[in-house]
Amino acid sequence: MKKILFTLFIMYGFGLNAQNAQITDYDWKKMDPKQRKEVINNLSPEERKELLKKFRNNMVLENLEIDASDKTEFTQLYNEYLENQKQIKGQFNPNFNPETLSDDEAKAKLQQSFDVGQKLLDNRKKYADKMQQVIPCQKVLKLFQTEGMMRDKMNERKPHSGHDNTARPKQNP
């Protein structure tokens with residue numbers, strides 16, 4: 001829940017408003033944080049997910065200054081890219097204790113993390129090429145740069161979970 005709220009506040013900070021974003025009938029910019037939280041809490045999980053997706057897409061479109069004629073095609077590609085990244089990440093379960101693994105199990109898990117990382121990179125390259133058919137490569141680069149900054153911000157505020165490794169940051173493959 002905190003992650004959802006933080007994402008909404010990041011998007012709010014980028015200057016999104018309900019009129020430009022056409023998200024819902026709510027004027028998110030005029031709401032105080034308690035009102036936003038109440039509205040979000042009253043949404044179903046599917047509605048929250050859809051709202052965040054719309055916020056994210058509108059923030060990206062606004063940040064990259066995508067031409068109106070390219071918005072639909074770009075948004076479709078971007079959502080496709082994110083869905084593929086999510087599916088690839090789902091192939092690696094980071095919830096394990098490496099100290100309890102045998103050498104062979106640890107080697108296999110390490111190799112799996114490299115394989116997943118390579119698949120993520122390959123997917124990113126594939127969609128960078130596709131996106132360049134719609135937007136200039138400078139904007140694709142800016143998109144990936146913005147994604148990285150957002151991920152870093154999210155990780156700063158995200159509490160680390162784990163058994164006894166609360167002091168160590170969680171790493172993605």
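Is Ala128 buried or exposed, and what is its relative accessible area? In this predicted model, in which local features need pLDDT of at least 70, side-chain atom pairs count only at pLDDT 80 or more, and totals for chains, interfaces and linings use all residues, Ala128 is buried, with a relative accessible area of 11%. Residues are numbered from 1 along each chain as its sequence is written, and side-chain values use heavy atoms, with hydrogens and water left out. Buried here stands for under 20% relative accessible area, exposed for over 50%, and partly exposed for values in between, computed with a 1.4 Å probe on protein chains only.

The protein chain contains seven helices and zero strands, where helices (H or I, at least four residues) and strands (E, at least two) are DSSP runs numbered from the N terminus. Read from the N terminus on, the order of elements is α-α-α-α-α-α-α. Of the 173 residues of the chain, 34% count as buried. With contact taken as heavy atoms within 4.5 Å, residues 24 or more positions apart account for 66% of the contacts that have a separation of 6 or more.

Two packed helices are described by the angle between their axes and the distance between the axes. The axes are lines fitted to C-alpha atoms, for helices over the stretch in contact, and the angles run from 0 to 180 degrees between N-to-C directions. Angles under 35 degrees count as roughly parallel, over 145 as roughly antiparallel, 65 to 115 as roughly perpendicular and the rest as oblique. A crossing is called left-handed if the near helix is turned anticlockwise from the far one by less than a right angle, and right-handed if clockwise.

The axes of H6 and H7 come within 9 Å and cross at roughly 140 degrees, which makes H6 oblique to H7. This crossing of H6 and H7 is right-handed, and the contact is formed by Arg124, Ala128 and Met131 of H6 with Val140, Leu143 and Phe144 of H7. By class, the contact of H6 with H7 comprises five nonpolar, no polar and one charged residues, where Ala, Val, Leu, Ile, Met, Phe, Trp, Tyr, Cys and Pro count as nonpolar, Asp, Glu, Lys and Arg as charged, and the others, Gly among them, as polar. Ala128, a residue of helix H6, is in contact with Val140 and Phe144 once its neighbours within four places in sequence are left aside. Ala128 and Phe144 lie 16 residues apart in sequence and 9.1 Å apart in space, C-alpha to C-alpha.

Helix H7 (residues 137-157) also packs with helix H4 (residues 45-64), the two axes coming within 10 Å and crossing at roughly 130 degrees. H4 and H7 are therefore oblique to each other, and their crossing is right-handed. Met59, Val60, Asn63 and Leu64 of H4 meet Lys139, Lys142, Leu143, Thr146 and Met150 of H7, a contact of H4 with H7 that has five nonpolar, two polar and two charged residues by class.

H4 passes H5 in a right-handed crossing. On the H4 side, the residues that meet H5 include Lys49, Lys53 and Arg56, and on the H5 side those that meet H4 include Phe74, Tyr78 and Leu82. The contact of H4 with H5 has six nonpolar, three polar and five charged residues by class. In the loop between H4 and H5 lies Glu65, which has a positive phi of about 55 degrees although it is not a glycine. Most residues other than glycine have a negative phi, and most peptide bonds are trans. Glu65 is exposed, with a relative accessible area of 59%.

Helix H5 also holds Leu77, which counts as buried at 11% relative accessibility. Not counting residues up to four places away in sequence, Leu77 touches Tyr127, Lys130, Met131 and Val134. Leu77 and Lys130 are 53 residues apart in sequence and 7.6 Å apart in space, C-alpha to C-alpha.

The structure holds one salt bridge, defined as a side-chain nitrogen of Lys or Arg within 4 Å of a carboxyl oxygen of Asp or Glu. In this salt bridge the side chains of Lys130 and Glu80 meet at 3.8 Å, N to O. The pair links distant parts of the chain, with Lys130 in helix H6 (residues 103-131) and Glu80 in helix H5 (residues 71-89), 50 residues apart. Lys130 counts as partly exposed at 32% relative accessibility, and Glu80 is partly exposed, with a relative accessible area of 30%.
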